[in-house]
Protein chains: 2
Amino acid sequence: MAIIGVLIDDMFEDVEYTSPVKAFEKTGHQIIHIGLKEGKTVRGKKTGTPVKIDKAVKNVSVNDIDALLIPGGCSPDHLRGYKEPVNFVKDYFQSGKPLFAICHAPQILITAQLLEGRRITGWRSIIQDIKNAGAEFVNQSVVEDDNIISSRGPRHIPLFTNACLERLELL
Amino acid sequence: MAIIGVLIDDMFEDVEYTSPVKAFEKTGHQIIHIGLKEGKTVRGKKTGTPVKIDKAVKNVSVNDIDALLIPGGCSPDHLRGYKEPVNFVKDYFQSGKPLFAICHAPQILITAQLLEGRRITGWRSIIQDIKNAGAEFVNQSVVEDDNIISSRGPRHIPLFTNACLERLELL
């Protein structure tokens, strides 16, 4: 079974965390919540879901996890305001391990300058940002491009979660 | 005295609305709140400041206002998910009238594809998006480039507000 890091901060889109994580745990995978400050409880923006940060991102190595989930909402934009999560995502990406990005998650990939030439989808408000980053925006529920599995938003969570679970089976 | 449109939606950064608007009104300027739905009350993200939308953006003409303020927070990202506010900002921009953009406000200017070759500042999380849009990111409290007056965020509101008031005096 895999160890899945969840990179998360306040005002994440609740269901983009709760739904995939529930499915991952049900399948036997282990979750590590990675954020800005160890022990802090961050909360979702719609229903206030509490998530306790297990490890500060500055203390996490790419070797500690087998896959990385980045939920959307305002969380990716908060995280990319700090250099530690941006550098972590950059290091993680180079490893080639699976990266699951939904909704606003591509924002931190843009700041980490990882999207040049990639095919990706995301929330409608960030389409121009994705294109300006040199990526091809693909208008699909789920897009798989090498190690990135991306999805547009809450409505597409079941398809996104299935694609993530299938990728985890290959590890 | 000028008529100032404020383009705003839920989860705006409270002080980026309350502080400049208070100064504008004190000086005798008139405010029109422009949003997605007329009559709706939108709220700030930190202290829940209520703002009643006076006019839906689809019913506003560029001729109705003399200047436009776009507060930050999550409001600009919400607004740019819809074509009406994006098209309005595009039309407004072409008029050459003053545009006051603080914090996350450049996000809607990016979606409207207005930043190519411009000098602008904004919140730290969107720096890469600003650069990818073809603009020069300027690390200053306030940046004036032709009709755009931009500012980094809450800490710079007094300087931003002064720059806006000075520009309004020239109208």
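Buried residues (20 or more other C-beta atoms within 10 Å of their own, with C-beta atoms placed from the backbone) make up 51% of the 171 residues in chain A. This is a predicted model, where local features need pLDDT of at least 70, side-chain atom pairs count only at pLDDT 80 or more, and totals for chains, interfaces and linings use all residues. Residues are numbered from 1 along each chain as its sequence is written, while chains are lettered from A and ligands numbered from 1 in the order in which they are written.

**Chain A**
- Chain A has 6 helices and 11 strands, taken as DSSP runs numbered from the N terminus (helices H or I, at least four residues; strands E, at least two).
- Its C-alpha atoms fill a box of roughly 35 × 35 × 30 Å along the principal axes.

**Where B touches A**
- Here 13 residues of chain B are in contact with 13 residues of chain A, contact being C-beta atoms, placed from the backbone, within 7 Å.
- The largest share of chain B's side, 3 residues, comes from helix 5 of chain B.

**Strand 6 of chain B**
- B:Ala67 and B:Leu69 point one way from strand 6 (residues 67-70), B:Leu68 and B:Ile70 the other way, and all are buried.
- Strand 6 of chain B pairs in the parallel sense with strand 1 (residues 3-7) over 3 bridges; pairing takes at least two DSSP bridges between the strands.
- B:Ala67 is the bridge partner of B:Ile4.
- Strand 7 (residues 99-102) of chain B also runs parallel to strand 6, joined by 3 bridges, and B:Leu99 partners B:Leu68 there.

Technical notes. Contact = placed C-beta atoms within 7 Å. Buried ≥ 20, exposed ≤ 12 C-beta atoms within 10 Å, placed from the backbone.
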